[in-house]
Amino acid sequence: MIIIDVVAILSVKPGYESEVAQAMKACVAPTLSEPGNLAYTPFKDLDTAGKFMFIERWESREALAAHMETPHFKKMAAALENMLAAPLQVHILTPL
């Protein structure tokens, strides 16, 4: 089994920071109960306005792919769609 880490970076339009934070936090509890999820933490960048991130850990790419098909993830993605200033950046990582 190869554990993967994910860093998802969101650039948010000015004025939407609170709504984005709320949508991100609402996705945490159901994600933590998903099979294959080891960590799922939302962050706000203290030095860059409008920059948010998820740092995640998954047991496999398959578990991550399954996560992206869940109702709670799709609900969050739909809510964020018009609040992002740039496309979501997703980095899938594994330790060296």
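Let me begin with a term: helices (H or I, at least four residues) and strands (E, at least two) are DSSP runs, numbered from the N terminus. Hello everyone, and thanks for having me. What you see above is a predicted model, where local features need pLDDT of at least 70, side-chain atom pairs count only at pLDDT 80 or more, and totals for chains, interfaces and linings use all residues. Residues are numbered from 1 along each chain as its sequence is written, and side-chain values use heavy atoms, with hydrogens and water left out.

Let's start with the largest pocket. Rolling a probe the size of a water molecule over the atoms shows where empty space is left. Here the search runs on a 1 Å grid over the protein atoms alone: a cavity is a set of points where a 1.4 Å probe fits but cannot get out, while a pocket is an open set with protein on both sides within 12 Å along at least five of seven lines. Lining residues have an atom within 4 Å of a point. Grid points are joined across faces, edges and corners, and a volume is the space filled by probe spheres set on the points.

The largest pocket has a volume of about 240 Å³. Lining this pocket are 17 residues, and those closest to its centre are Ala 8, Phe 73, Met 76, Leu 88 and Val 90. Two or more lining residues come from each of strand S1 (4-11), strand S3 (51-58), helix H2 (61-67) and helix H3 (71-80). Which element gives the most to the lining? That is H3, with four residues. By type, the lining has 14 nonpolar residues, one polar and two charged.

Val 90 is partly exposed because its relative accessibility is 44%; buried means under 20% relative accessible area, exposed over 50%, and partly exposed in between (1.4 Å probe, protein chains only). Together with Leu 88 and Ile 92, Val 90 forms a nonpolar surface patch with about 230 Å² of accessible area. Patches take residues with over 30% relative accessible area and no salt bridge, joining like charges within 9 Å and nonpolar side chains (Val, Leu, Ile, Met, Phe, Trp, Tyr) within 5 Å. The areas come from the Shrake-Rupley method with a 1.4 Å probe, and for residues only the protein chains shown count as cover.

Thr 94 is partly exposed at 46%, whereas Pro 95, at 58%, counts as exposed. Pro 95 and Ile 2 are 93 residues apart in sequence, with their C-alpha atoms 9.4 Å apart.

On to the charges. Side chains of opposite charge can pair when their charged atoms come close. A salt bridge here is a side-chain nitrogen of Lys or Arg within 4 Å of a carboxyl oxygen of Asp or Glu. How many salt bridges does this rule give? The count comes to two.

One joins Asp 5 to Arg 57, with the closest N and O atoms 2.6 Å apart. Asp 5 lies in strand S1 and Arg 57 in strand S3, so this pair ties together parts 52 residues apart in sequence. Asp 5 is buried at 16%, and Arg 57 is partly exposed at 35%. Glu 69 and Lys 74 form a salt bridge too, their closest N and O atoms being 3.2 Å apart. Glu 69 is exposed at 53%, while Lys 74 is partly exposed at 45%.

Is Thr 31 buried or exposed? Thr 31 counts as buried, at 0% relative accessibility. From Thr 31 to His 67, the C-alpha distance is 7.3 Å, across 36 residues of sequence.

Technical notes. Nonpolar A, V, L, I, M, F, W, Y, C, P; charged D, E, K, R; others polar.
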